[in-house]
Amino acid sequence: MDSLQVQPVARMVTGVCWLPPRAGNAFTDTDLYFVSGSSAKHKELILWTTANPDFDQTDDTANLATLVAKVPHDGDVHDIIAPTNDIVATASSFGTISIYNITDTNTLSLRESVTAHRFSNDEPAVATSLSVQPLDSASAEIASCGEDGRIAFAPLSRLDALQRYEVDSTVITGVCWPMPTQLAAATRAGQVKLFDRRTPDQVQAVFVDPSHEHAFECIAAHPSQSFRLATGTDTGAVLIWDTRNLKKPAMEAFNVHDANVWSVQFHPNDPSKIVSCSDDASMAVTQWVSEDGQERDVRRLSAFFNALSINCFDVCPFTRASVIVAGSDSGNLLMEKNTQFGIF
């Protein structure tokens, strides 16, 4: 098992996200920026910087990241995404979706917030996940899901134009955009649901694992194959779906963890590998595409000083090196900077 580098931050880290490069191309940025979100006692967003391993720099492992700015957050942070290098969006335990500006002087400020998720008794429901429509335009929408069984949509430029749709009677744990017109959602009842954005109140298809009963904790879309999805389960498995046949999708399971899988992501540098993190205090990089009949490799990552759940992670898509940042219940930031060509 390979080791993650650890930086104690004295707060429960429940969301992390890399920012797009400031110079327009990460290969010319000597510093990378990311944002973390925390929960419980310290509810806040923090902007960090760390050295770009694509440059020949001495990396001080005693200080993986440097705090740049922080701001209080209304509720526990359940998800963070960065549509551009100057804004981040968050999902809150209070059911709110918020947009924060990042200024040229590296400060964080709340721009807009809206309550997207409520139960039928008008009590706030946790907003569990966020995803931004893959469009390079100001009209791109942000989608959120929540414990109220609803999916909400709003333009990034105007959250108050929110639209809500009830799509399930159970908790929706994750949402992603396989295509600009298609949305996929994962539910605590163990279902994957596909929706056409033009008719979001109608389910396009529903998938389940017929061989096991799972609760799905997260979902991710392949960066270039819109028919490919990944889900993480409460049993420690990562499931890879091929949805070209909507009536009978192909699915393969990889039992790589011993507890709930909180997040999954196709590796942006090599999507034949899927990265996951778990309540078992580990991460895994799984080779899900078989090459010439060879056995599938699984590389596991953990840290001696991190005994509790790894809640979240993000793989930097802007560097040649494989750079992963993660956060845990142990009050740590975790990082791996792999400058070798292969991830294994």
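Hello everyone, and thanks for coming. Before we start, please keep in mind that this is a predicted model, where local features need pLDDT of at least 70, side-chain atom pairs count only at pLDDT 80 or more, and totals for chains, interfaces and linings use all residues. Residues are numbered from 1 along each chain as its sequence is written, and side-chain values use heavy atoms, with hydrogens and water left out.

Let's begin with salt bridges. By that I mean a side-chain nitrogen of Lys or Arg within 4 Å of a carboxyl oxygen of Asp or Glu. How many salt bridges does a search of the whole structure find? The count is 17, and I'll walk you through a few.

One of them joins arginine 244 to aspartate 242, with the closest N and O atoms 2.5 Å apart. Are these two partners buried or exposed? A residue is called buried under 20% relative accessible area, exposed over 50%, and partly exposed in between, using a 1.4 Å probe and protein chains only. Arginine 244 is exposed, because its relative accessibility is 58%. Aspartate 242 has 13%, so it counts as buried.

Next, please find arginine 296 and glutamate 252, whose side chains form a salt bridge at 3.3 Å, N to O. This pair links distant parts of the chain, 44 residues apart: arginine 296 sits in the loop between strand E25 (283-287) and strand E26 (298-302), and glutamate 252 in strand E22 (residues 250-255). A word on those labels: helices (H or I, at least four residues) and strands (E, at least two) are DSSP runs, numbered from the N terminus. Arginine 296 is partly exposed at 26%, and glutamate 252 is partly exposed at 34%.

Now for glutamate 336 and arginine 299, which meet in a salt bridge of 2.8 Å, N to O. Here too distant parts of the chain are linked, with glutamate 336 in strand E29 (residues 332-338) and arginine 299 in strand E26, 37 residues apart. Glutamate 336 is buried, at 10% relative accessibility, and arginine 299 is buried as well, at 8%. Asp2 joins Arg299 and Glu336 in a network of salt bridges.

Finally, where does serine 226 lie? Look in the loop between strand E19 (216-221) and strand E20 (228-233). Serine 226 is partly exposed, at 29%. Setting aside neighbours within four places in sequence, serine 226 is in contact (heavy atoms within 4.5 Å) with Pro178, Met179 and Gln182.
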